[in-house]
Amino acid sequence: ITPQGVDESFFKIKHKTPKHILFLSRFEIHQKGIDLLLRAYAKVAKKIGYPLILAGHGNDTEKIKVLITELGLEDKVSFAGSAYGKKKEQLIADAVYVAFPSRHDEISLWALEALASGMPLVGFDLPECKWITDDAGLKAKPFDLDEYAKLLVKATDKKLNAQMRKNARSLAKQYSWEKVAGMFDGFMEKVLEKEKTKAVLLAAA
């Protein structure tokens, strides 16, 4: 009913000279779309100029490693393991943007954290991703790998990337804990008002 809130610490992460593209999530191919990301990245790996870092863990780790080998990406893609706390902040600080190739996902806390960190998101135009505005994220038609590959390159453009970083943080501010708490309070007030009206109607019956 109300979205998750994002911690203020992510708004304070300072960007460094970009070193990589970051994917951070559970290693679950069907939902998280890691196979889509790898196949699209393989199309532009020589052109893009940034290695791809996969951070996380999950049951599909071995399948992902096999796919990386099949696509000839062993020297372009590396694993960072699970990422929490300072390690997570460092990976974000060194990223040019966050790849978000999910086949289906709600308003995930990680997406909010990435935006709050000033990271543009590059994903697919899913119904549940409509909340990500076009000035804070680039979205390909589901699941058009040629278009997605082009967006992976487009998001590295320095001028566009700099503007999207600002827009990403502006969007994330709408989901700060303070804002979310206000939304929840407003919802509860409506519920209580409804219950009061019901009680009055029952008493009058």
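Which element gives the largest share of the lining of the largest pocket? That share, 3 residues, comes from α5.

The model is predicted: local features need pLDDT of at least 70 and side-chain atom pairs pLDDT 80 or more, while totals for chains, interfaces and linings use all residues. Residues are numbered from 1 along each chain as its sequence is written, and side-chain values use heavy atoms, without hydrogens and water.

**View 1. The largest pocket.** Its volume is about 360 Å³. The lining holds 21 residues, with Leu-24, Ser-25, Arg-26, Lys-88 and Trp-110 nearest the centre. Two or more lining residues come from each of β1 (20-24), β4 and α5. A pocket is an open set of points on a 1 Å grid over the protein atoms alone where a 1.4 Å probe fits, with protein on both sides within 12 Å along at least five of seven lines; lining residues have an atom within 4 Å of a point. Helices (H or I, at least four residues) and strands (E, at least two) are DSSP runs, numbered from the N terminus.

**View 2. Helix α7 and its cover.** The 16 residues of α7 (158-173) should span 22 Å at 1.5 Å a residue, and the end C-alpha atoms agree at 23 Å apart. The expected span is 1.5 Å times one less than the number of residues. Asn-161, Met-164 and Arg-165 are among the buried residues of α7 (under 20% relative accessible area, 1.4 Å probe, protein chains only). The cover of these buried residues includes β4 (95-100), α5 (109-116) and β6 (137-140).

**View 3. The cis peptide bond.** Pro-142 and Phe-143 are joined by a cis peptide bond with omega about -20°. Phe-143 lies in the loop between β6 and α6 (145-154).

Notes. Buried means under 20% relative accessible area, exposed over 50%, partly exposed in between (1.4 Å probe, protein chains only). Contact means heavy atoms within 4.5 Å. Grid points are joined across faces, edges and corners, and a volume is the space filled by probe spheres set on the points.
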